[in-house]
There are 2 protein chains.
Amino acid sequence: MDSIGLVLFPRFTGLDLVGPHEVLSRTSATCSIVAATRDPVISDRGLVVVPDATFDDAPDFDVLVVPGGPGQTPAMDDDVLIAFIRERASAARFVLGVCTGTLLLARAGILNGREATTHWLALEALEALGARAVRERVVWSDHIVTGAGVSAGIDAALELVARMYGDETSERIQLAIEYDPAPPHDVGHPDKARPALVAALRSKSRFQ
Amino acid sequence: MDSIGLVLFPRFTGLDLVGPHEVLSRTSATCSIVAATRDPVISDRGLVVVPDATFDDAPDFDVLVVPGGPGQTPAMDDDVLIAFIRERASAARFVLGVCTGTLLLARAGILNGREATTHWLALEALEALGARAVRERVVWSDHIVTGAGVSAGIDAALELVARMYGDETSERIQLAIEYDPAPPHDVGHPDKARPALVAALRSKSRFQ
């Protein structure tokens with residue numbers, strides 16, 4: 001049975017973690033949420049999640065998942081976290097980076113020269129870290145799959161399940177979570193949104 | 001500033017809760033996750049969330065959100081939970097039911113004769129509880145909005161934000177979470193999936 005580890009750090013973004021967790025935990029794999037300690041970890045929006053394991057006592061992982069969020073910025077200088085990601089991503093059969101979690105993978109040195117994606121606001125930052133930033137929703141580079149901003153973790157995780165366990169398992173999960181999306185607006189990507197809306201978000205971004 | 005309460009109970013489905021939380025917490029509103037006690041609550045797939053408030057000490061809510069999950073079945077007989085939902089849903093300006101959370105709203109008596117939706121496997125159960133089950137992804141009945149299975153909470157929450165705060169706020173959030181979905185398969189609704197896949201999920205459902 002496969003073991004999947006999802007890395008948690010303060011001010012992660014809730015859906016970055018829970019989208020992939022919802023999908024991956026519906027396979028035969030065991031999912032563990034792992035952080036520096038077992039203390040509850042608070043998301044950027046106040047969601048409080050309790051880890052299952054710590055960096056010191058985590059089991060071996062077949063798959064490592066790294067979510068993003070505003071806490072990614074200070075996490076870039078967290079040597080213990082980055083070393084854990086480097087070690088576990090290097091040992092894993094598959095790696096999934098979501099949103100700005102991809103920047104943590106790049107910081108850990110495992111995306112050098114590889115194609116990868118991240119939140120649309122962070123593509124330049126990803127490129128500056130040595131990856132080849134691709135403006136797509138889900139990007140594969142060998143065994144490493146990365147997703148764009150926040151909600152893209154759902155799509156990337158369904159693709160990962162298809163790769164690991166076959167299309168039928170992925171399809172079963174997609175139907176079980178009734179993932180037949182119907183966003184009320186067609187503005188989920190900067191190419192589709194009004195320039196003023198894109199500019200408003202860019203002006204508030206930590207990536208300048 | 002609006003106050004939004006999200007109800008938590010054992011064996012909730014993670015994405016039912018976190019999809020709407022991710023969207024709603026990006027407004028000016030304050031979000032509280034409320035449960036019977038402040039003890040951590042475990043989802044059906046092992047996600048452990050710590051509530052912010054209890055049924056006894058929760059603040060007034062302008063919006064009540066009720067997620068679903070396998071724990072909905074025992075929750076139907078949890079008189080304290082159902083009474084809390086009845087009281088708070090009756091007092092709220094808006095109510096959002098996601099997935100089988102809609103059955104809890106129906107059990108609390110606030111969907112009598114109203115159009116509503118739920119997970120595709122639970123539509124008959126919803127009808128049996130006195131609502132008029134509608135096979136759509138997001139259904140409005142006056143101030144009550146309901147979403148279909150699991151992932152539909154994201155769409156329903158974006159619609160609720162548009163209703164409460166205007167399209168521009170909802171569009172900003174959709175772009176911020178890069179919600180430009182690209183599911184790998186087109187099987188997210190039973191009308192689109194192979195009959196064998198639908199039958200396989202139905203045979204394992206608690207709604208027979």
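This is a predicted model: local features need pLDDT of at least 70, side-chain atom pairs count only at pLDDT 80 or more; totals for chains, interfaces and linings use all residues.
Two copies of a chain are, in general, related by a rotation about an axis and a shift along it.

The size of an interface is often expressed as the accessible area lost when the parts come together. Between them, chain B and chain A bury about 5,300 Å², of which 60% is on carbon and sulfur atoms. On the side of chain B, the residues that lose the most area to chain A are Arg45(B), Leu175(B) and Glu178(B), which together account for 15% of what that side buries. In terms of contacts, 61 residues of chain B touch 61 residues of chain A.

Polar interactions also cross the interface, where 32 residue pairs of chain B and chain A are in polar contact, both residues of each pair being at pLDDT 80 or more. The elements of chain B that contribute two or more residues to the side touching chain A are α1 (14–24), β4 (48–49), α6 (152–165), α7 (167–176) and α8 (195–203). Of these, α7(B) gives the most, with eight residues. Classified by residue type, the side of chain B that touches chain A comprises 29 nonpolar, 15 polar and 17 charged residues. Four salt bridges are found across the interface of chain B and chain A. A salt bridge is also formed by Lys192(A) with Asp180(B), for which the closest N and O atoms are 2.5 Å apart.

Within chain A, helix α6 (residues 152–165) packs against helix α7 (residues 167–176) at an angle of about 145 degrees, with the two axes 6 Å apart. To this contact α6(A) supplies Leu158(A), Val161(A), Ala162(A) and Tyr165(A), whereas α7(A) supplies Asp167(A), Thr169(A), Ser170(A), Ile173(A) and Gln174(A). By class, the residues in the contact of α6(A) with α7(A) are five nonpolar, three polar and one charged.

Definitions and conventions
Residues are numbered from 1 along each chain as its sequence is written. Chains are lettered from A and ligands numbered from 1 in the order in which they are written. Side-chain values use heavy atoms; hydrogens and water are left out. Contact means heavy atoms within 4.5 Å. Buried area is the accessible area (1.4 Å probe) that two parts lose on being put together, summed over both. A salt bridge is a side-chain nitrogen of Lys or Arg within 4 Å of a carboxyl oxygen of Asp or Glu. A polar contact is a pair of N or O atoms within 3.5 Å; within protein, one must be able to donate a hydrogen and the other to accept it, and residues adjacent in sequence count only if both atoms are side-chain atoms. Helices (H or I, at least four residues) and strands (E, at least two) are DSSP runs, numbered from the N terminus. Ala, Val, Leu, Ile, Met, Phe, Trp, Tyr, Cys and Pro count as nonpolar, Asp, Glu, Lys and Arg as charged, and the others, Gly among them, as polar. Axes are lines fitted to C-alpha atoms, for helices over the stretch in contact, and angles run from 0 to 180 degrees between N-to-C directions.
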